[in-house]
Structures are given as structure tokens and as C-alpha cells.
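The structure is shown first, and the explanation comes after it.

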Amino acid sequence: MHKVYDRWPEIARKNYFSDLSQIEFTKCPHIVFAGMGGSGAIGDIFSAILSKTSTHVTVVKGYHLPKTVTNNSVVVVISISGNTVETISMLKNAIEINSKIIVFSDGGKIKDICNEKNIPHRNIKKYHSPRASFTSFLYSMLHVLKPIIPIEEKDIIESIKELENMSIKINSKKISKENPSIQISEWIKDTPVIYYPWGLEPVAIRFKNSLQENSKIQAVIEDVIESCHNGIVTWDKQNNFQPILIRGQKDYEKTKERWEILKEFFSEKKIDYKEIISENGNILTKIICLIYLLDYASIYLAIKLKVDPTPVNAIEYIKNKLN
Ligand SMILES: O=P(O)(O)OC[C@H]1O[C@](O)(CO)[C@@H](O)[C@@H]1O
């Protein structure tokens with residue numbers, strides 16, 4: 001798994017500059033991303049990076065598309081294996097609705113359905129596992145969906161360059177205490193409660209998923225603003241949790257204010273917290289670099305806990321029980 005992560009920047013570059021044909025339609029007021037797990041998390045990223053545009057984005061992780069999806073919506077179906085039952089169900093749903101559909105997978109049943117029904121499909125290479133294939137799929141999709149995704153080319157290129165820099169920061173320090181991913185993994189001793197600001201929600205979701213799938217530990221995510229109206233109360237009682245504050249460079253003033261109050265709150269309660277601050281740059285750069293740093297942290301944590309990051313036996317157990 002590690003070897004694929006080492007190649008993430010190279011794979012991102014190769015896939016963004018691929019010769020896959022781009023999506024045919026150009027106008028799209030509503031884009032729906034349909035996928036589960038690591039594939040669903042890619043939808044979360046598109047949702048975050050498009051949040052400052054006039055494109056309405058819906059991310060669906062389940063069996064059915066909501067009624068707001070119409071024949072004018074573009075439904076982007078993502079399943080790295082191409083065999084996830086929920087995602088196949090959403091594809092069938094989109095076909096019924098007669099939406100404009102584009103599908104991304106590395107083969108699988110989903111590809112067969114596309115061939116049979118004449119639905120646009122792009123075959124993207126899977127590396128090791130769905131979660132490790134992240135840059136392969138994300139950057140291929142940024143290329144293919146360009147006509148309907150109002151993101152500037154320079155922002156995408158910047159994100160790849162910063163991913164390369166992040167790789168140097170992590171990989172030049174491989175097995176040393178200066179490796180920022182190792183520092184995070186060494187700090188985690190209990191269940192992390194991951195706080196995030198609005199635009200960095202995909203980072204928190206992905207980190208939670210990676211801690212669960214790779215390190216096999218439980219993790220909780222909390223919106224930094226919303227949690228001050230509920231979750232924050234629980235710190236009076238609990239003692240098996242550790243707060244991680246994922247902050248953006250240049251968060252909104254009001255969010256910055258909240259971080260400072262939260263830090264004071266934890267300090268007064270003598271609760272040790274870890275702050276992780278994004279790189280500078282556009283929102284895609286911030287997200288992709290944080291995901292890289294934290295996914296590595298989840299693998300180093302697995303090594304520390306002496307668990308194999310690859311198998312996901314419980315997921316296979318559930319899958320085998322499903323019809
Ligand atoms: O992208 P796929 O192949 O649909 O898989 C979705 C999710 O299901 C899992 O493979 C587990 O079944 C996750 O690891 C993955 O993120």
C-alpha cells in the first residue's frame with residue numbers, strides 16, 4: 001500500500017494530463033456525485049471545491065437518488081471496483097430518471113451495465129485498493145469533467161505541485177521523528193475527535209475513514225462551529241478521546257476566533273490537543289495535501305499498532321451477507 005502512496009503525485013499528474021475524452025455536455029446547474037466510501041469521499045471534495053460557484057452539488061452515499069435529481073442533472077457515478085451494490089443501484093436509478101450520466105470505474109459490473117445501455121464510461125486504473133486509488137480517480141475526473149467544473153486550470157496544477165512538495169516533506173524523512181505523518185501517528189493514543197472548518201469537511205471524512213480502514217481504530221468528526229452547540233459539552237465527562245484541530249490557512253475570521261476559544265477551552269481542562277494546519281493555496285491544494293499527510297499518518301499508526309492496513313474483513317463480512 002505504501003508504495004502506491006509514494007506514487008500519488010506522479011499518478012495525479014499522469015491522470016490529469018490523460019488523453020481520456022472529456023464529458024460532452026457543457027452546461028450543468030446541478031451535479032450529483034454518487035459513490036460509497038473512498039468513492040463517495042471524492043464527491044465530497046467536488047462539493048467543497050464547487051461551493052463558491054453557482055453549481056449546485058449533491059453527494060449521495062446510499063441506494064437511491066433524491067427526488068431533486070432530474071433529467072437535467074448530471075449524475076457522476078464513481079465505483080473504483082465497479083461492483084459496489086449501492087452504487088450500481090444509484091446508476092440504475094439515474095437511468096430510470098433519464099439523467100445525464102457519466103461513470104468512472106476500473107471495470108466491474110458497472111462497466112458492463114454502461115456497455116449494455118450505451119452510457120458514457122471512463123475506465124480508470126485501480127491501484128491496490130479503492131482508497132489507495134484516490135489520486136488516480138480524482139485527477140482523471142478533474143480532467144474529464146472540466147467542461148462542467150468551473151475550476152481554474154492553474155489551481156489544479158498548483159495542487160499537483162504542492163502534492164509533490166508534500167511528498168518530499170514526508171518521504172525525505174521516511175522513518176524519522178521529523179516526518180510530519182509519523183508525528184501525528186505517534187501522538188494518537190485514543191479515539192480522535194476530528195474538528196474541521198466548513199471547507200475542509202472532506203479532509204475530516206477521509207481521515208476518519210482512513211483511521212478506520214487502515215489503522216482499525218474508531219474516530220469521530222465534528223464541524224468546529226456546529227459542535228459548539230452540542231458535542232463540546234461531552235468533554236466534561238469523556239476521557240478516552242483526543243481532539244485534533246484541522247485548520248485551514250486563512251480560515252474565516254469567525255472560524256479563527258472559534259479555534260482560539262476552543263484551544264483555550266481544552267487548555268483550561270488540561271486536555272492535550274493536536275493542531276494540523278493546511279498548506280497555503282487554493283481549496284483543492286489544501287484538501288489534497290492534508291489528505292496525503294493524514295492518510296500516511298493512518299498507515300504509520302497501523303504500523304505502530306501492529307495491524308495490517310490492507311485487509312478490511314468486517315466490510316467483506318457485510319458485503320458477503322448482502323444480496
Ligand atoms: O469505489 P468502490 O469500489 O465502489 O468501493 C467503495 C468503498 O467500498 C470499499 O471497497 C469497501 O467495500 C471501500 O474501501 C471503498 O471505499
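Tyr317 lies in helix α12, which covers residues 313-321; helices here are DSSP runs of H or I with at least four residues, numbered from the N terminus. The model is predicted, with local features needing pLDDT of at least 70 and side-chain atom pairs pLDDT 80 or more, while totals for chains, interfaces and linings use all residues. Residues are numbered from 1 along each chain as its sequence is written, and side-chain values use heavy atoms, without hydrogens and water.

Tyr317 counts as exposed because its relative accessibility is 52% (exposed means over 50%, buried under 20%, partly exposed in between, with a 1.4 Å probe and protein chains only).

The domain assignment, automatic or from a database, gives domain 1 (2-151) and domain 2 (174-304). Their C-alpha centres are 27 Å apart. In domain 1, 20 residues are in contact with 20 residues of domain 2, contact being heavy atoms within 4.5 Å.

In soluble globular proteins, nonpolar side chains tend to be buried together. A nonpolar core is a set of buried Ala, Val, Leu, Ile, Met, Phe, Trp, Tyr and Cys residues joined through side-chain atoms within 4.5 Å. The largest one has 74 residues, and those touching the most other members include Phe46, Val76 and Phe104. Helix α11 (residues 283-304) supplies the largest share of this core, 14 residues. Both domain 1 (2-151) and domain 2 (174-304) give residues to this core, so it lies between them.

Beyond its neighbours within four places in sequence, Val76 is in contact with residues including Ile31, Phe33, Phe104 and Leu145.

Note on methods. Helices (H or I, at least four residues) and strands (E, at least two) are DSSP runs, numbered from the N terminus.
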